[in-house]
Amino acid sequence: MRTQVAIIGAGPAGLMLSHLLHLQGIESVVLERRSRDAICATIRAGVLEQGTVDLMCEAGLGDRMRREGFRHEGTVLRVGGLDRRIDFVELTGGRAVMVYAQHEVIKDLVDARLATGGDLRFDVANVSLHDLASLRPTVRYGDQNGAGGERQTVQADFIVGCDGTHGVSRAAIAPQALQTAERRYPYGWLGMLCKAPPSSNELIYALGDDGFALVSTRSREVQRMYLQCDPQDQAGDWSDDRIWSTLRARLATRDGWLPKEGAIFDKTVIGMRSRVTEPMRHGRLFLAGDAAHVVPPTGAKGLNLAMSDARLLSRAFARFYRQGGEDLLCAYSATALRRVWRAQRFSWWMTSLLHRAPGADAFARKLQDAELDYLIGSRAACTALAENYVGLPVGPLWD
Ligand code: APR
Ligand code: PHB
């Protein structure tokens, strides 16, 4: 079969791209390895930058998010038991973030695509990419688990690899045509979900003597919290008691604040890595989202970068199909990477600032303390944090 744009992966990048292309009258097919239920149930981060909120609304996907999401106009830094509120709205001229879980965004996108006859193919196996240097690149795939059945072929004008960190798209490019820059961190996060009322109206990023803790939320009944752990830890190493006592210690304030506790029903260890692979284009294959870049979770930039790539690509394809111009397609990689690297810098900075690196020497520790001291006391430094947190400005969605 033929389509205009073949998209590998139904994460935020692939689904948003398919939806935006549809709004421009451009056909796409999305090939996803997992089931619809699995992609709608995977727990990830949940902070949408102002630009992502605006994109959801412009794309007609804002209703449930506005109803069920939580607009956060600031956040709290808790260091040494003292709180410093960062007021996003005041420091950025009215911008804020929305706490709305990634899997809710995925549900909204899947519903929107299926409601308008979108071609989403779940449970596909053994996706392979071919003829990327030609004007007719193709994707081949089999049915679930590759068991029996003929392999299908989709011929497209373009392929977009939105298949995340471990996908096949990046691997289809000759390694010598790509450059990868990477940082690993000597810590991970234990993320948990619990049944409890919110502990705070705003997210709390806390640094205690022995590490980081984060208080986030999912709904009035379900809370999301994270704590710094050893990256080799297994979720089973963390009993509920150990989680609560660590959270209590790292989140302790001088006036006796305590998190609201409740039954923990999900625990996951999350690794931390920064990685960028460039360029984000090879012939007629484009990479978007985690397929090209990964950030550590501090600051929750991953989903937002995926959305911003989708936004850039949809505008570039719209220009191509309307006017035949390849200028925006040619500029895609450099334009996307500029934002990616600024988000990498911020995610790396926020991560390094708020975690205790095992084995850090006295000099490193004192520098960290001085940086925190400066941030907490400086409106200019808080403005820099706020601007990056709510998201740097994005360009127009369409011409
Ligand atoms: N064939 C088809 N689909 C694949 C393949 C493959 N070989 N490999 C991976 N996929 C699918 C995955 O099952 C997943 O649903 O691609 C999708 C990629 O989605 P994400 O990993 O969510 O990546 P992306 O859309 O770039 O969004 C990035 O999601 O993972 C979080 O923290 C990350 O917030 C960030 C955001
Ligand atoms: C989340 O709610 O999952 C979350 C919030 C803020 C972060 C990271 C994750 O910085």
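Q: Where is the place of Thr-253?
A: Helices are DSSP runs of H or I with at least four residues, strands are runs of E with at least two, and both are numbered from the N terminus. Thr-253 sits in the loop between α7 (240-251) and β17 (263-270).

Q: What kind of model is this, and how are residues numbered?
A: This is a predicted model, in which local features need pLDDT of at least 70, side-chain atom pairs count only at pLDDT 80 or more, and totals for chains, interfaces and linings use all residues. Residues are numbered from 1 along each chain as its sequence is written, chains are lettered from A and ligands numbered from 1 in the order in which they are written, and side-chain values use heavy atoms, with hydrogens and water left out.

Q: Is Thr-253 buried or exposed?
A: Buried means under 20% relative accessible area, exposed means over 50%, and partly exposed lies in between (1.4 Å probe, protein chains only). Thr-253 has a relative accessible area of 14%, so this residue is buried.

Q: Which residues is Thr-253 in contact with, leaving aside its neighbours within four places in sequence?
A: Contact means heavy atoms within 4.5 Å. With those neighbours set aside, Thr-253 touches Arg-78, Gly-81 and Asp-83.

Q: Why is Glu-27 called partly exposed?
A: Its relative accessible area is 48%, so Glu-27 counts as partly exposed. Glu-27 lies in the loop between α1 and β2 (28-31). Beyond its neighbours within four places in sequence, Glu-27 has contacts with Arg-2, Thr-3, Gln-4 and Val-5. Gly-325 is 298 residues from Glu-27 along the chain, and 18 Å separates their C-alpha atoms.

Q: Which residues touch the most other members of the largest nonpolar core?
A: A nonpolar core is a set of buried Ala, Val, Leu, Ile, Met, Phe, Trp, Tyr and Cys residues, joined through side-chain atoms within 4.5 Å. The largest one here has 72 residues, and Met-16, Val-160 and Phe-317 touch the most other members. Helix α8 (residues 302-323) gives the largest share of this core, ten residues. Apart from it lies another core of 33 residues, including Leu-91, Phe-212, Met-272 and Ala-386.

Q: What does Met-16 contact, leaving aside its neighbours within four places in sequence?
A: Met-16 meets Leu-55, Met-56, Leu-61, Leu-109, Met-307 and Ala-310, with those neighbours left aside.

Q: How many residues surround ligand 1?
A: A residue is near a molecule or strand if one of its heavy atoms lies within 4 Å of it. For ligand 1 there are 24, and the closest are Glu-32, Arg-44, Gln-102, Asp-290 and Leu-303. By class, eleven are nonpolar, seven polar and six charged. Here Ala, Val, Leu, Ile, Met, Phe, Trp, Tyr, Cys and Pro count as nonpolar, Asp, Glu, Lys and Arg as charged, and the others, Gly among them, as polar. The largest share of the shell, three residues, comes from α8.

Q: Which side-chain atom of Arg-44 lies 2.7 Å from an oxygen atom of ligand 1?
A: A polar contact is a pair of N or O atoms within 3.5 Å; within protein, one must be able to donate a hydrogen and the other to accept it, and residues adjacent in sequence count only if both atoms are side-chain atoms. In Arg-44, the atom is an N or O. A polar backbone atom of Leu-303 is 2.9 Å from an oxygen atom of ligand 1.

Q: Which residues come nearest to ligand 2?
A: Of the 14 around ligand 2, these are Tyr-205, Ser-216, Arg-218, Tyr-226 and Gly-299. A side-chain N or O atom of Ser-216 is 2.6 Å from an oxygen atom of ligand 2. For Tyr-226, the side-chain N or O atom is 2.5 Å from an oxygen atom of ligand 2.
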